[in-house]
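Let's take a friendly look at the cavities and salt bridges of a protein model.

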Amino acid sequence: MAQYEDDATSTHAEIEDELAAFAEEQASELGLHREQWEEPNHQHFTRTQRDTTTMLVSGLTLAHDTLVCAAFSHLGYRVAQLPSPDNAAFQVGKEFGNRAQCNPTYFTVGNLVNYLIGLRDEQGMTTEEIIRDYLFITAGACGPCRFGTYVTEYRKALRDAGFGGFRVMLFQQQGGLKQATGEELGLEVNQEFCLGIVRALMAGDVLNLMGYRLRPYEIEAGSTDAAIAKCHQIMVDCFASGRSVVRSLWRCRKVLAEVKTDRSQPKPLVSIIGEFWAMTTEGEGNYELQRYLESEGAEVDAQPIVNWLLFMVWENTFDIKLRLDLREADKGAKKALDGKTPTKTLWQLRAADTAIRTVFQTFAHAVGLYGYHLPDMDQIADLAKPFYDNNVRGGEAHMEVGKLVHFVDDRVNHMTISVKPFGCMPSSGVSDGVQSIITSKWPEAIFLPIETTGDGKVNVYSRIQMMLFKARQKAEEEFATALDQRGMTLEKFQYKLSKSAYGKRAFKRPPHKLAGVATNLVYAI
Ligand code: SF4
């Protein structure tokens with residue numbers, strides 16, 4: 001028996017050796033290299049290059065990108081803002097990117113490559129000059145979805161488009177900037193740098209939110225956009241010169257106060273949730289969803305970037321609390337508790353959460369954004385937990401599920417749209433999968449997942465129109481019931497509103513009772 005096993009083992013080993021030799025022979029005949037592929041990581045950016053190197057910034061809304069650029073320029077960096085990704089960028093992304101990427105990858109990667117092609121073909125710069133004088137800075141993160149491989153996608157597409165060696169600096173969501181150089185760093189990720197970004201993001205948030213509140217009710221078409229454009233300039237000057245953000249937002253408030261509004265009309269309030277980039281971008285990446293909804297008579301409830309900052313604080317707190325239950329401190333991983341004082345870290349995270357909320361509300365009140373509630377991240381996690389495990393990360397993690405339950409439970413809106421990019425792994429599981437459980441348990445929810453493929457605009461618009469019809473009806477019924485309960489006709493309500501502080505000051509927010517602002521005004525006056 002033993003003799004038989006020995007023979008079988010040696011025969012097996014011989015076959016394996018023979019196969020390996022054959023594979024080697026074939027590979028060398030075909031010119032295939034069998035070594036591990038390593039992506040060259042071009043990140044050389046030194047202090048001496050700073051004055052001649054332009055950092056390209058892109059990825060969020062116009063307000064955020066503009067203000068982040070201004071904050072960088074105050075710190076002494078040369079910066080330029082990429083345009084909002086459009087369909088031409090998408091096509092370039094498809095041409096040079098890997099197959100089967102998620103839709104935002106094609107838009108964002110293509111946008112950078114397209115911009116560099118423009119520098120080369122339209123502005124006459126040589127490829128060497130572009131690679132020497134420009135770099136791109138972007139967010140990245142380790143994670144289960146494709147966001148973790150974005151930076152590699154950028155490098156692959158740049159190389160294939162003829163810009164091999166172009167520097168893509170990854171500002172990680174957790175862990176600062178990866179920069180391997182022995183010389184003095186070109187990009188200093190210090191406290192001033194991080195605070196500059198955070199303040200710019202929050203200022204961008206409050207300006208965007210003011211625009212969404214005013215635009216649907218403006219009496220003179222275009223007056224909100226004109227006021228917001230002036231505010232952008234005020235805030236750019238503020239960040240570029242390092243002046244007080246609160247004081248500058250106060251100046252913006254005066255500009256925005258000039259916009260005349262009529263909030264007596266019931267309008268459906270539509271929240272946009274879903275994949276981070278797809279719900280945030282303001283261009284063809286989501287078929288200009290926000291503008292389309294407004295053109296159809298809706299008020300938009302967009303998710304500010306600050307929610308993401310709060311989520312990152314929540315995520316770290318959650319993970320540390322789980323690790324505290326281990327028999328002994330874990331070792332090795334970056335987040336390991338070995339050698340650390342977890343209770344101190346938890347206090348620091350709690351302080352960070354309070355600081356973010358305080359700064360945001362200070363900015364919000366300065367610009368006139370009253371009654372805006374940031375989500376309670378523990379509540380969102382608890383609401384989502386029975387349907388989507390809080391340990392599952394990637395994309396929006398459990399947030400999309402928790403938010404939808406919160407919207408319905410607390411009557412936050414009339415309708416929710418979830419933007420689901422084509423090829424997005426987490427969104428497919430959440431928007432098409434888990435959310436169907438939520439809508440079956442909360443049938444009153446008007447929920448519409450839309451897929452952004454880059455070429456499905458007509459289909460998406462027609463699906464929105466159908467659902468918006470229901471949301472509009474809901475808003476009108478709610479408003480009519482409120483008038484009925486208060487014993488007012490529409491004319492009487494409009495008259496009383498015009499005489500009240502709510503009618504005279506567009507910033508004054510009625511207490512929340514139901515979703516529509518007009519309905520809440522009926523109850524408030
Ligand atoms: S969440 Fe989806 S769309 Fe966004 S990076 Fe990950 S896979 Fe791509």
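How exposed is aspartate 225? Aspartate 225 is partly exposed, since its relative accessible area is 31%. Keep in mind that this is a predicted model.

Because aspartate 225 sits in helix α8 (residues 223-241) and arginine 215 in the loop between α7 and α8, the pair ties together parts that are 10 residues apart in sequence. Arginine 215 counts as buried, at 14% relative accessibility.

## Other salt bridges

Across the whole structure, a search finds 14 salt bridges. One of them joins the side chains of glutamate 188 and arginine 50, at 2.9 Å from N to O. This pair links distant parts of the chain, 138 residues apart: glutamate 188 is in the loop between β5 (176-177) and α7, and arginine 50 is in the loop between α1 (2-30) and β1 (54-57). Glutamate 188 is partly exposed at 35% relative accessible area, while arginine 50 counts as buried at 6%.

Glutamate 396 and lysine 403 form a salt bridge too, with their closest N and O atoms 4.0 Å apart. Both glutamate 396 and lysine 403 are buried.

## Cavities

You will find 4 cavities of 30 Å³ or more. The largest cavity holds about 110 Å³ of space. It is lined by 14 residues, and those closest to its centre are Thr61, Asn208, Tyr212, Ala302 and Gln303.

Helix α7 contributes the most to this lining, with 4 residues. By class, the lining of the largest cavity has 6 nonpolar, 6 polar and 2 charged residues.

Note on methods: Residues are numbered from 1 along each chain as its sequence is written. This is a predicted model: local features need pLDDT of at least 70, side-chain atom pairs count only at pLDDT 80 or more; totals for chains, interfaces and linings use all residues. Side-chain values use heavy atoms; hydrogens and water are left out. On a 1 Å grid over the protein atoms alone, a cavity is a set of points where a 1.4 Å probe fits but cannot get out, and a pocket is an open set with protein on both sides within 12 Å along at least five of seven lines; lining residues have an atom within 4 Å of a point. Grid points are joined across faces, edges and corners, and a volume is the space filled by probe spheres set on the points. Helices (H or I, at least four residues) and strands (E, at least two) are DSSP runs, numbered from the N terminus. Ala, Val, Leu, Ile, Met, Phe, Trp, Tyr, Cys and Pro count as nonpolar, Asp, Glu, Lys and Arg as charged, and the others, Gly among them, as polar. Buried means under 20% relative accessible area, exposed over 50%, partly exposed in between (1.4 Å probe, protein chains only).
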